[in-house]
Amino acid sequence: MSQDGATAGQRRHVAPPPPPHPTPPTPGARLYVARHGQTDWNLEPARCQGWAEVALNGTGRRQARELGERLRDAGIELIVASQLLRARQTAEELRDVLGHDIPVSIDPRLAESDRGDWQGRTFASIMKNDLD
């Protein structure tokens with residue numbers, strides 16, 4: 001335990017400060033919020049993802065491209081995603097559709113919460129074994 005009372009395990013899960021945005025916000029801009037595309041861990045039996053690095057599956061990549069098509073005329077100027085693989089891949093697919101000149105900013109504050117020992121386990125297992 002350190003002087004601040006945190007254990008090593010607690011300290012390792014502190015997100016780094018966010019990077020500066022590459023461009024200032026445009027007055028009157030709209031904010032679109034989207035979740036990452038599907039991963040195999042979203043399928044039944046669903047698994048707790050947390051900070052685990054889980055890639056998009058084919059459906060997730062298609063979902064991101066379809067979202068890009070729907071947003072093609074929305075005037076997107078910046079894509080912001082968490083550092084997690086599935087979020088970065090979703091942002092890359094969007095940029096492939098919308099145009100490679102659109103910057104992607106990585107902001108760890110957007111990441112799901114760390115689920116500790118639950119990460120990678122099925123929700124059924126968590127419900128059965130951990131909710132006493």
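Student: What makes Thr90 count as buried or exposed?

Tutor: Good place to start, and keep in mind that this is a predicted model. Thr90 has a relative accessible area of 7%, and the cut-off for buried is under 20%, so Thr90 is buried.

Student: Where is Thr90, and which residues is Thr90 in contact with, leaving aside its neighbours within four places in sequence?

Tutor: Thr90 belongs to helix H3. With those sequence neighbours left out, its contacts are Arg35, His36, Gly37, Leu56 and Ala64.

Student: What does the side chain of Glu93 make a polar contact with?

Tutor: Its partner is the side chain of Arg61, at 2.5 Å, and the cut-off is 3.5 Å. Beyond its neighbours within four places in sequence, Glu93 is in contact with Arg61, Ala64 and Arg65.

Student: Which residues make the contact between H2 and H3, and why is H2 called oblique to H3?

Tutor: Take the angle before the residues. Helix H2 (residues 58–70) and helix H3 (residues 85–98) pack at about 40°, with their axes 8 Å apart. The contact itself is made by Arg61, Ala64, Arg65, Leu67, Gly68 and Glu69 of H2 and by Gln89, Thr90, Glu93, Leu94, Val97 and Leu98 of H3. By class, that contact has five nonpolar, three polar and four charged residues.

Student: What is the hand of the crossing as H2 passes H3?

Tutor: The crossing is right-handed.

Student: And how many helices and strands are there in the protein, and what pattern do they follow along the sequence?

Tutor: The protein has four helices and two strands, and their order along the sequence is α-α-β-α-β-α. Of the 132 residues in the protein, 30% are buried. Among contacts between residues at least 6 apart in sequence, 71% join residues at least 24 apart.

Key:
Residues numbered from 1 in each chain as written. Predicted model: local features only at pLDDT ≥ 70, side-chain atom pairs only at ≥ 80, totals over all residues. Heavy atoms only, no water. Axes fitted to C-alpha atoms, helices over the stretch in contact; angles between N-to-C directions. Left-handed = near helix turned anticlockwise from the far one by under 90°. Contact = heavy atoms within 4.5 Å. Nonpolar A, V, L, I, M, F, W, Y, C, P; charged D, E, K, R; others polar. Polar contact = N/O pair within 3.5 Å; in protein donor to acceptor, adjacent residues only side chain to side chain. Buried < 20%, exposed > 50% of the residue type's maximum accessible area, 1.4 Å probe, protein only.
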